[in-house]
Amino acid sequence: MSKVLARKPAGPVFNLVDADGTADPQLLPPLTERQYIEMYRWMKISREFDRRAVMMQRKGQLGTYPSLEGQEAAQIGSAFALRKEDMMFPTYRENGAAMVHGLPIRQILHYWNGRADHFVKPEGVNVFPVAVPIATQVLHAVGYAMADKFKRQNRATLVYFGDGATSKGDFHEGMNFAGVFRVPVVLFCQNNQYAISVPYHRQTASETIAEKADAYGVESIRVDGNDVLAVYQATKNAVYKAYLGEGPTLIEAVTYRYNSHTTADDHTRYRSSTEVEKWRTGRDPILRFRRFLERQGLWNENQENLLAHEIQTLLDEEIKQMKQCGPSNPLHMFEYSYQDLPLKVEEQRNEFIARRKGGGIECRK
Amino acid sequence: MQEMTMIQAINNALRNALESDPGVLIFGEDVGHNGGVFRATDGLQQQFGEERVFDTPLAESGIVGTAIGMAVNGLKPIAEIQFMGFIYSAFEQIISHAARIRTRSQGSYTVPMVIRAPYGAGIRAPELHSDSSEAFFVHQPGLKVVVPSNPYDAKGLLLAAIEDPDPVLFLEPMKLYRAFKEPVPTEKYTVPLGKAKVMKEGTDISIFSWGAMLPAVRQAVQKAEQEMHIQAQIIDLRTLSPLDEETIIASVQKTGRAVVVHEAPKTAGVGSEIIAIINDKALFHLEAPVARIAGYDVPPPLFQLEDLYIPDADTIRAGIERTMKY
Ligand SMILES: Cc1ncc(C[n+]2csc(CCOP(=O)(O)OP(=O)(O)O)c2C)c(N)n1
């Protein structure tokens with residue numbers, strides 16, 4: 001290729017902690033010991049939650065479930081950078097991020113259990129309900145943040161999406177609006193290398209997701225998505241920038257999903273086990289952060305065992321509560337399509353009650 | 001002949017099409033290497049190569065829009081939309097372009113393409129995967145809409161859709177993909193578009209339906225026939241646009257009573273159109289108002305409630321009884 005036409009090489013990947021847990025103390029974010037441990041705790045909860053969810057799906061207790069294992073650093077690091085009042089727009093895969101931002105674990109379970117009443121906005125929890133169509137939420141987040149700007153509210157909105165989502169028009173329209181209106185939004189891409197079976201290089205010919213921001217006049221950063229501190233720091237900076245009215249940021253977190261796209265597909269059809277193993281053993285986000293904590297003298301085997309026990313108990317309780325809820329109330333199907341039911345829907349509802357197929361109870365929390 | 005499920009019959013039809021016409025291309029999300037999330041395109045990339053069967057970026061408007069360009073330029077694209085619930089971002093390409101380019105150019109450009117999409121509720125899929133929004137598309141002139149209800153028809157209708165000079169939306173009821181097997185010829189054959197099929201003869205009442213509702217319709221009819229000593233005629237419409245008015249009218253003229261059954265929400269569903277046709281052309285043959293058994297006017301709920309949303313054999317049977325006893 002001629003020099004003139006050659007492509008700009010991709011910029012470096014922002015990284016703070018190496019695979020063996022070493023880090024330059026000068027560069028570390030100003031977090032307390034407790035915060036470090038809290039981050040680690042959430043990473044462990046996410047992974048354990050995920051493993052239990054996959055198992056429950058296999059036993060028919062949950063519907064199709066999208067696993068997050070491998071993406072804990074990207075999810076927890078970014079969610080940790082938000083204040084409670086900041087808004088989060090997750091996708092179906094951000095169970096870890098959503099729980100860090102306050103969504104009750106039980107409610108997440110209800111969703112995957114196919115309940116109609118899974119998402120009733122909990123007081124003070126700024127997590128938007130998941131919608132399945134890819135990339136559509138990017139525009140909602142941009143609009144939500146535009147409203148904050150209009151209302152002079154010093155808040156940031158963070159929206160998650162995958163590498164596949166960057167192929168959709170909604171992503172590009174969202175980026176363009178964000179750039180033009182200098183919107184206080186953080187666009188957070190978890191580049192986990194695949195959209196179901198389609199690998200990154202089939203999704204886009206650009207070397208990175210981050211570079212797509214250039215065309216829209218939006219700043220971007222590419223971070224090591226398996227380094228929770230790097231993700232945290234990058235997101236914190238972007239969120240501050242939003243508070244200061246300095247506009248949007250695109251963050252590309254380079255990471256990997258260990259399991260199939262969802263419990264409904266088989267990743268061995270499109271990935272080699274060596275590739276998966278390379279990420280699992282060489283770059284695991286939880287292992288890396290644990291080594292870091294140990295090097296800092298903040299963590300030991302005993303604490304690890306206590307934490308494991310605490311998480312068991314926590315998840316046992318959440319799952320028990322979910323199961324105690326029993327089947328969903330069928331009338332919820334009719335209740336919320338309008339505020340005031342049109343006559344015809346009310347008639348349909350009454351007809352349904354008259355024939356009453358099966359019972360059910362409410363389980364709003 | 002070979003015993004095939006609907007998904008196997010579709011795979012077989014696609015293989016026949018790729019074999020017999022070098023201009024046929026198949027593309028969409030996960031259709032290449034992975035063979036489709038339901039395996040409709042399994043093995044086709046291996047057999048025909050990446051130039052003819054390929055994965056695209058995740059972009060429905062992109063998939064349909066480029067398919068239009070290819071069709072206009074002489075190829076025979078078959079685009080897959082992974083689930084019908086994700087077709088909406090391609091709505092503009094389908095409605096404003098695929099369906100209108102023939103009219104817009106007064107026939108100098110045509111769009112001979114097929115869009116395949118799995119659809120309908122009943123497989124416990126996540127939100128929005130279970131939509132039955134055929135009515136949005138039936139309303140648009142210039143586009144054909146086809147829904148098979150069994151493996152034999154699925155293959156024949158799909159091959160006819162591929163040969164059709166106009167754009168065809170081919171909706172595949174997910175619930176029937178692996179529901180049963182039947183003998184299907186392995187060689188090419190077509191089942192004509194725009195022609196309904198009389199699935200069962202009868203003289204007392206006509207039941208009009210399509211796709212995934214037919215197994216429930218058969219069940220309901222069996223029960224109703226025993227209980228009421230009647231003979232019902234079951235008609236699988238197969239093509240929703242254009243509707244086979246002749247078969248609809250002839251049936252109502254014979255039986256004098258009718259029930260329309262669909263899974264989609266009732267309001268402005270295709271059922272309304274069928275009733276309007278009957279009113280226009282067979283009103284004086286009617287002995288009772290035509291009953292509509294349909295989904296409720298709410299978005300299809302998450303899977304805990306989806307079976308309560310879909311019309312079942314009982315509701316259909318009750319509709320037949322109401323109409324018979326009017
Ligand atoms: C508009 C749309 N098309 C297709 C799908 C089906 N689908 C669900 S997830 C997915 C892949 C998404 O990949 P990516 O955006 O990279 O996110 P990831 O699942 O890897 O987190 C596809 C194709 C969908 N949900 N929405």
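## Notebook: a predicted two-chain model with a ligand

**Entry 1. Glu69(A).** I began with Glu69(A), which counts as buried because its relative accessibility is 4%. The model is predicted, and I read every value below as computed from it. I located Glu69(A) in the loop between helix H1 (33-58) and helix H2 (72-80) of chain A. I then listed its contacts, leaving aside neighbours within four places in sequence: Arg47(A), Asp50(A), Arg51(A), Tyr256(A), Arg257(A), Tyr258(A), Asn259(A) and Arg280(A).

**Entry 2. Helix H2 of chain A.** I moved on to the helix that follows this loop. H2(A) is mostly covered, nine of its nine residues being buried. I noted the buried residues as Glu72(A), Ala73(A), Ala74(A), Gln75(A), Ile76(A), Gly77(A), Ser78(A), Ala79(A) and Phe80(A).

**Entry 3. Gln233(A).** I looked up Gln233(A) in helix H8 (residues 228-243) of chain A. Gln233(A) has 16% relative accessibility and therefore counts as buried, the cut-off being under 20%. Which residues does Gln233(A) touch, not counting those up to four places away in sequence? I found Phe14(A), Leu16(A), Pro29(A) and Pro30(A). I also recorded a C-alpha separation of 7.6 Å between Gln233(A) and Ala81(A), two residues that are 152 residues apart along the chain.

**Entry 4. The ligand site.** I counted 20 residues around the ligand; the closest are Tyr92(A), Arg93(A), Gly164(A), Tyr194(A) and Glu60(B). The surrounding residues come from chains A and B, so I describe the site as shared between chains. I then looked up individual atom pairs.

- A polar side-chain atom of Tyr92(A) is 2.6 Å from an oxygen atom of the ligand.
- For Asp163(A), a polar side-chain atom lies 3.0 Å from an oxygen atom of the ligand.
- At Ile134(A) the pair involves a backbone N or O atom, which lies 3.1 Å from a nitrogen atom of the ligand.

How much of the ligand's accessible area does the protein cover? The ligand has 580 Å² on its own, of which the protein covers 96%.

**Entry 5. Lys168(A).** I turned to Lys168(A), placed in the loop between S2 and H6 of chain A. With a relative accessible area of 8%, Lys168(A) is buried. Its side chain makes two polar contacts that I noted with residues of chain B. One joins it to the side chain of Glu60(B) at 2.7 Å; the other, at 2.6 Å, is with the side chain of Ser89(B). I had already listed Glu60(B) among the closest residues to the ligand. Leaving aside neighbours within four places in sequence, Lys168(A) is in contact with Ile134(A), Ala135(A), Leu58(B), Ala59(B), Glu60(B) and Ser89(B).

**Entry 6. Helix H6 of chain A.** Where do the buried residues of H6(A) sit around the axis? The buried residues are Phe171(A), Gly174(A), Met175(A), Ala178(A) and Gly179(A). They cover an arc of only 130 degrees around the axis, and therefore lie on the same side of H6(A). I looked up what covers them, and the list includes helix H5 (136-150), strand S2 (157-162), strand S3 (185-191) and strand S7 (249-254) of chain A. After H6(A) comes Arg182(A), whose phi is positive, near 45 degrees.

- Ala135(A), one of the contacts of Lys168(A), has phi near 75 degrees, a positive value in a residue other than glycine. I placed Ala135(A) in the loop between helix H4 (105-112) and H5 of chain A. Ala135(A) counts as buried because its relative accessibility is 2%.
- Leu128(B) is also a residue other than glycine with a positive phi, near 70 degrees. I found Leu128(B) in the loop between strand S5 (114-119) and helix H6 (134-138) of chain B.
- What is the peptide bond from Ser241(B) to Pro242(B), cis or trans? I recorded it as cis, with omega near -5 degrees. Pro242(B) belongs to the loop between strand S12 (239-241) and helix H9 (245-255) of chain B.

How values were computed. Residues numbered from 1 in each chain as written. Chains lettered and ligands numbered in written order. Predicted model: local features only at pLDDT ≥ 70, side-chain atom pairs only at ≥ 80, totals over all residues. Heavy atoms only, no water. Buried < 20%, exposed > 50% of the residue type's maximum accessible area, 1.4 Å probe, protein only. Helix = DSSP H or I, 4+ residues; strand = E, 2+ residues; numbered from the N terminus. Arc of directions from axis to C-beta. Contact = heavy atoms within 4.5 Å. Near = heavy atom within 4 Å. Polar contact = N/O pair within 3.5 Å; in protein donor to acceptor, adjacent residues only side chain to side chain. Areas by Shrake-Rupley, 256 points an atom, 1.4 Å probe, with all protein chains shown as cover.
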